[in-house]
Amino acid sequence: MNEIVGRGKWATKAGFVLAAAGSAVGLGNLWKFPYMAGENGGAAFVFVYLLLLVLIGMTVMLAELTVGRHTQLDALGAYKKLSAKWAWVGGMGVLCAFLIMAFYTVVGGWAIKYFVASCTNAVAGIDFGAFITAPMEPLVYTLVFCVLTWIIVYYGIGGGIEKASKIMMPLLFIFIVIIAIRSCTLPGAGAGLNYYLNPDLSKIDGGVILAAMGQVFFSLSLGMGCMITYGSYLGEDSSLTQSSWMIPGLDTAIAFLAGLAIFPAVFAFGMEPGSGPGLMFATLPQVFDKMPAGEIFATIFFLLVIFAALTSAISLLEVVTAYLVDEKSVKRGGASILGIIGIFILAIPCSLSMGSLANVHIIPEIASMNIPAMGFFDAFDFITSKLMLPLGGLMLCIFVGWVWGTDKAINEITDGGLTSFPLAGIWSILVKYIAPVAIFLVFLSGFGVI
Ligand code: PHE
């Protein structure tokens, strides 16, 4: 069937793994993970992250893919098919896709601007603060990023998303290895490695653990039905268990490499390791500027950022598109256009919240819960990664563990008992008890309740 009309399917197993890893590997790996590790205790943070990744991340990954493959439906439809009362959890996922895309496309737009500038060797001359606070220019780049995302999704699962991921993901991997090697072999790189990885247990508190858990969900694209949606295009011949460790494995490897690419270079040139977007867009261009043949590395780096952001953005738009196709019987072309228009409209206040709307706070300060006042951009980031994604993951675990039932899930995972799943018992305990309790406790400690 024509993919633009029908649902579509992954053409190959490797194509699915690359697309799902492409969803996972994104801005979260490149700009969030390295500075969070650097700021929050280095190797101690990485350790907390890995622990939560195994206990919660891999557990939820397998659960989402299983629900998706079993139902062959979008996030909302999948829940609805198994229990109508739970449809709202899928609906929250679709909403989450809009909110994440609203700020994600803005940062994707910044990366395009930097890539274009790096091609003419002009990247070090950009005044990051002036650029992002201007009203128009960042929005134009956001629009370009939205259009690129839309084109790929328009062409469907096998013809668009899978093809694009098969080209972009291997290149991304090669690029990040090149930059990491360059960075770690600079004279004076050791200070950066020390900053990035030196374990400091005293920095680990409830807030840091909540941040690490939010990062596990965000980085693995979990808790909002993205992996349900990608899983719904799988056939019976796919191995769900293999995917549920390969995708997190690739994601973590790239997050770790991103830190190795960034910090040694920053320290080698005596720069301050600023945090957040500032690190990638304000500091790194200065670092590349000081490096021999830095223009080439800057171009490679920003192209890699664009690839990472695009392969994630298409998965977010696909959540919305699949919802409209499966639930509202809209054709793929129209569904993807409607989705991207809605997203761009939400991206406008996010971009403006850097400048003209800087004083508009949609979340007020709640000091007792460690919550600062936030504008659109920060609020959407906060609401999704620290609230909606972990909540979505918690609900999914309760749903699979207690409502749909692990027996039925395991039946799907083992293709009705044809393939083996040696860890079935452990996974059941993780889904039913350990992951939900852990998510709940991290919530409580992160917001200062315990
Ligand atoms: N995982 C992506 C990243 O790390 C972001 C994302 C979140 C994508 C949720 C899809 C769903 O950048």
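**The pockets up close**

A: Sort the lining of the second largest pocket by class and you get 9 nonpolar, 3 polar and no charged residues (Ala, Val, Leu, Ile, Met, Phe, Trp, Tyr, Cys and Pro count as nonpolar, Asp, Glu, Lys and Arg as charged, and the others, Gly among them, as polar). Keep in mind that this is a predicted model, where local features need pLDDT of at least 70 and side-chain atom pairs count only at pLDDT 80 or more, while totals for chains, interfaces and linings use all residues. Residues are numbered from 1 along each chain as its sequence is written, and side-chain values use heavy atoms, with hydrogens and water left out.

A pocket is an open set of points on a 1 Å grid over the protein atoms alone, where a 1.4 Å probe fits and protein lies on both sides within 12 Å along at least five of seven lines; lining residues have an atom within 4 Å of a point. Grid points are joined across faces, edges and corners, and a volume is the space filled by probe spheres set on them.

The second largest pocket has about 280 Å³. Its lining includes V54, M58, W245, F421 and W427. Two or more lining residues come from each of α3 (43-71), α12 (240-268) and α17 (424-446), with α3 giving the largest share, 4 residues. Helices like these are DSSP runs (H or I, at least four residues), numbered from the N terminus.

Now the largest pocket: it holds about 670 Å³. Among its 30 lining residues, Y35, M36, A211, F382 and K386 sit closest to the centre. Here α2 (27-39), α10 (206-219) and α16 (376-413) each give two or more, and α10 has the largest share, 7 residues. By class, that lining has 15 nonpolar, 9 polar and 6 charged residues.
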